[in-house]
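My entries follow in the order I looked things up.

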Amino acid sequence: MRADRLVATLLLMQSRGRVTAAEVAGELEVSVATARRDLEALSAAGIPVYPQSGRGGGWSLLGGARTDLSGLSAPEAQALFLLAGPAAAVSGEAKAALRKLVRALPQTFRADAEAAAAATMIDPTRWGDRDRRRPEMVDVLQAAVVRRRKVRLTYTDSARQRSERLVDPWGLVDKDDIWYLLAGTERGQRTFRVDRIVHAESTAQPAERPEDFTLAEAWDEVVGEVEQRRSTTSATVLIDARFVPILRDHFGRHCHPDGESDDGRARVRLAAPTPLDIARNLAGWGSLVEVLEPRAVRAELARIGTELARRYAGENSHSVR
């Protein structure tokens, strides 16, 4: 967990006074880029962590090396616990790390620090949804990422074809309650859905990872490619302006307001993989939305309407006496 790394990084700086990103990476078994981002996160959170350039430079805690955390002010201690507290709610290791950190704080800071850690929580379960727990497979893969060990996977792809793969695990991403593994393969970088991994076994072979690899940048590229495939069909619709936020909620980044029509309604561009996907999302709006183009989406809406009319048209006539 990132909170655990932040605490470990801070304690490492307390003991050494000055460290480089490479030294932090070596101690915590993460990439140099990850170590640098963690150091920057501590600084951004208000912890007195500052970079020094030039020979003999690195990252230092203002006030120099200390054996405890008495160099932190009360606001700085609260900032650290606000940053790490939410992650501790879902990680036993992070919670244990924070408990140790509380004991290292001056007595007068402890109550406020503990209150800061408990001030915020993250509930990943959507309303009406079942409680979601992190798959156990994630722990196996996460350990392999941290220790930089190759992983042997049994994987079932979208066509339900099962295969054995030996990969270099580079990082894990949780997006909308679905976990993904970014890994290096013989064919370059690949993305694997964790729920399609039948079996994963960490090996003793060291994993390779490009020096310039950063998980955030790699994931941005993956998202961009997926979203491009999800927007191959576009449509222009007219709708009352007050309903545009609801369309945005349904279509996300594939909803783009495009001015106003002559009758005052909002003109909106929508996108989805197929005309049917757009029609399915709009069918429940009835006459509140008008599709100007393309013809394929209008045809799908007409087909859906005809199907519904055939199935339910007779019910009203039977119910009237």
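Predicted model: local features only at pLDDT ≥ 70, side-chain atom pairs only at ≥ 80, totals over all residues.

**Entry 1**

Next I looked at how S9 meets S12. S9 covers residues 233–239, and four bridges join it to S12 in the antiparallel sense. One pair I noted is Leu-238 with Glu-290, its bridge partner in S12.

**Entry 1**

Which residues of H9 are buried? I listed Val-244, Leu-247 and Phe-251. They are on the same side of H9, because they cover an arc of only 55° around the axis. The spacing rule I had in mind is that an α-helix has 3.6 residues a turn, so residues three or four places apart point the same way.

I then asked what covers the buried residues of H9. The cover includes S9, S10, S11 and helix H10 (275–282). Just after H9, I noted that Gly-252 takes a positive phi of about 60°.

**Entry 2: the end of S12**

I followed the chain out of S12. The loop between S12 and helix H11 (295–319) holds Pro-294. A cis peptide bond joins Glu-293 to Pro-294, with omega at about 10°.

I moved to S4 (149–156). Is S4 enclosed or open to the outside? Six of its eight residues are buried, so S4 is largely enclosed by the rest of the structure.

S4 pairs with S8 (residues 197–206) over six bridges, antiparallel. Here Arg-149 has Pro-206 in S8 as its bridge partner. S4 also pairs with S5 over six bridges, again in the antiparallel sense. In that pairing, Thr-156 stands opposite Arg-162 in S5. S4 and S5 form a hairpin, with five residues between them.

**Entry 3: two arginines with positive phi**

I checked non-glycine residues with positive phi and wrote down Arg-148 and Arg-160.

Arg-148 has a phi of about 55°. It is found in the loop between H7 (136–147) and S4. Is Arg-148 buried, partly exposed or exposed? Its relative accessibility is 29%, so it counts as partly exposed; the class runs between 20% and 50%.

Arg-160 has a phi of about 65°. It is found in the loop between S4 and S5 (162–175), and this is the turn of the hairpin from the previous entry. Arg-160 counts as exposed because its relative accessibility is 76%, where the cut-off is over 50%.

**Entry 4: Trp-179**

I picked a tryptophan next. Trp-179 lies in S6 (residues 178–185). It counts as buried, because its relative accessible area is 16% and the limit is under 20%.

What does Trp-179 touch, leaving out residues up to four places away in sequence? I found Arg-134, Pro-135, Val-138, Leu-172, Val-173, Asp-174, Phe-192, Arg-193 and Val-194.

**Entry 5: the largest nonpolar core**

I looked up the largest nonpolar core, which has 28 residues. Which members touch the most others? They are Met-13, Leu-39, Ile-47, Val-49, Leu-80 and Phe-81.

The elements that give two or more residues to this core are H1 (2–16), H2 (21–28), H3 (32–44), S3 (58–61), H4 (74–88), H5 (92–104) and H6 (107–117). The largest share, five residues, comes from H1.

**Entry 6: totals**

I counted eleven helices and twelve strands. Of the 321 residues, 37% are buried. The protein exposes about 19,300 Å², and carbon and sulfur atoms supply 48% of that area. Among contacts with a separation of 6 or more, 62% are between residues 24 or more positions apart.

Methods. Residues numbered from 1 in each chain as written. Heavy atoms only, no water. Pairing = 2+ DSSP bridges. Buried < 20%, exposed > 50% of the residue type's maximum accessible area, 1.4 Å probe, protein only. Contact = heavy atoms within 4.5 Å. Areas by Shrake-Rupley, 256 points an atom, 1.4 Å probe, with all protein chains shown as cover. Arc of directions from axis to C-beta. Core = buried A, V, L, I, M, F, W, Y, C linked by side-chain atoms within 4.5 Å.
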